[in-house]
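Please look over the structure below before reading the briefing. The points after it are grouped by topic.

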Amino acid sequence: MDAIKNNMKNNMKKSFKELKWYEYVMGIIMIVIAARAMVLGFTTGSADGNPAWLTVINFISAVCGVICIFFTAKANISNFVFATVNTLVYAIYLVYWHIWGTAALEILFYIPMNFVSWYFWAKHRDQEITQKTKAKKLTILQNVICTVLVVGAAIIYHMILVKLGGEVAWFDAFTLSIGIVATVLELLRYREQYVWWIITDIVAVGMYIAHFDAVYLTKKSIYLIMAIIGLINWAKLNKERNEENE
């Protein structure tokens, strides 16, 4: 047990040391905006309508969320520690604002998938860089199948959400369907997950512009930037280190 803890601790240190300067800059920006919103929530009141207690939830989600995507973009297994915390607290935010489709995605899918993905990534570690997992790529046919699944699922979810009175049904429906496909691809270590993360982050940014929330708009904007960087990193990792496509 002690050996496992020490290994996790060492990999976590390596993970933070691997971060680039611009990731630290984005992280600081995220922390400052989330901290400001939290302070205002307990003093003059939140500008985006969140109660004071929810600004604390938002702060935790903001910090853990950006660290998670920084690590994930590098195929870093340490991301799942922060992913799990972020998923739990973000679900609280979504339930409060009645964003049911995305809330269901977080609670029923992301939480259990975090642990399953954690297991699979750790099982396929890079032999030399132990804090990383191996990257794979999809075939053209597999990409087409993924697209059909996303569109079909979004149409079905949209009809359900409209009947439930969803205010941003299409945003929510595509976030839900894309999130499921992207998460499965992430679990299986396919670099194409980032094509879908880019799309869903664009949808999420649009959603938080429509329903303005400074913390989550900043957070999702950083997600979008890192999704692009992640696609580049994973493609490079797959090409240069893991051509066997294990």
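T55 is buried, with a relative accessible area of 2%, where buried means under 20% relative accessible area, exposed over 50% and partly exposed in between, using a 1.4 Å probe and protein chains only. T55 lies in helix 3; helices (H or I, at least four residues) and strands (E, at least two) are DSSP runs numbered from the N terminus. From C-alpha to C-alpha, T55 and K136 are 38 Å apart in space and 81 residues apart in sequence.

The model is predicted: local features need pLDDT of at least 70, side-chain atom pairs count only at pLDDT 80 or more, and totals for chains, interfaces and linings use all residues. Residues are numbered from 1 along each chain as its sequence is written, and side-chain values use heavy atoms, with hydrogens and water left out.

**Overall fold**

- The protein chain has nine helices and zero strands.
- Along the sequence, the pattern of the protein chain reads α-α-α-α-α-α-α-α-α.
- The radius of gyration of the protein chain is 18 Å, close to the 18 Å that the globule rule gives for 246 residues, so the chain is as compact as a globular protein of that length. The radius is taken over C-alpha atoms, and the globule rule is 2.2 Å times the number of residues to the power 0.38.
- Taken along the principal axes, the C-alpha atoms of the protein chain fill a box of roughly 50 × 40 × 35 Å.
- Of the 246 residues in the protein chain, 49% are buried.
- Contact means heavy atoms within 4.5 Å. Among contacts in the protein chain between residues at least 6 apart in sequence, 73% join residues at least 24 apart.

**Helix 3 against helix 9**

- Two packed helices are described by the angle between their axes and the distance between the axes. Axes are lines fitted to C-alpha atoms, for helices over the stretch in contact, and angles run from 0 to 180 degrees between N-to-C directions.
- The axes of helix 3 (residues 52-72) and helix 9 are 9 Å apart, and the two helices pack at an angle of about 10°.
- Helix 3 and helix 9 are therefore roughly parallel to each other. Angles under 35 degrees count as roughly parallel, over 145 as roughly antiparallel, 65 to 115 as roughly perpendicular and the rest as oblique.
- Helix 3 contributes N58, S61, A62, G65, V66, I69, F70 and T72 to the contact, and helix 9 contributes V215, Y216, K219, I222, Y223, M226 and W234.
- By class, the contact of helix 3 with helix 9 has ten nonpolar, four polar and one charged residues. Ala, Val, Leu, Ile, Met, Phe, Trp, Tyr, Cys and Pro count as nonpolar, Asp, Glu, Lys and Arg as charged, and the others, Gly among them, as polar.

**A62 in helix 3**

- A62 is placed in helix 3 and counts as buried at 0% relative accessibility.
- Apart from its neighbours within four places in sequence, A62 is in contact with M30, A34, V215 and K219.
- A62 and E23 are 39 residues apart along the chain, and their C-alpha atoms are separated by 14 Å.

**Helix 4 against helix 9**

- The axes of helix 4 (residues 79-96) and helix 9 (residues 214-240) cross at roughly 135° and come within 14 Å.
- Helix 4 and helix 9 are therefore oblique to each other.
- N86, Y90 and Y93 of helix 4 make the contact with Y216, K219, K220 and Y223 of helix 9.
- By class, this contact of helix 4 with helix 9 has four nonpolar, one polar and two charged residues.

**G179 in helix 7**

- G179 is found in helix 7 (residues 169-187) and is buried, with a relative accessible area of 0%.
- Leaving aside its neighbours within four places in sequence, G179 contacts L105, F109, Y110, F174 and W197.

**Loop residues with positive phi**

- A75 is in the loop between helix 3 and helix 4. A75 has a positive phi of about 60° although it is not a glycine, and it is buried at a relative accessible area of 0%.
- R189 is in the loop between helix 7 and helix 8 (193-210). R189 is not a glycine, yet has a positive phi of about 70°, and it counts as buried at 4% relative accessibility.
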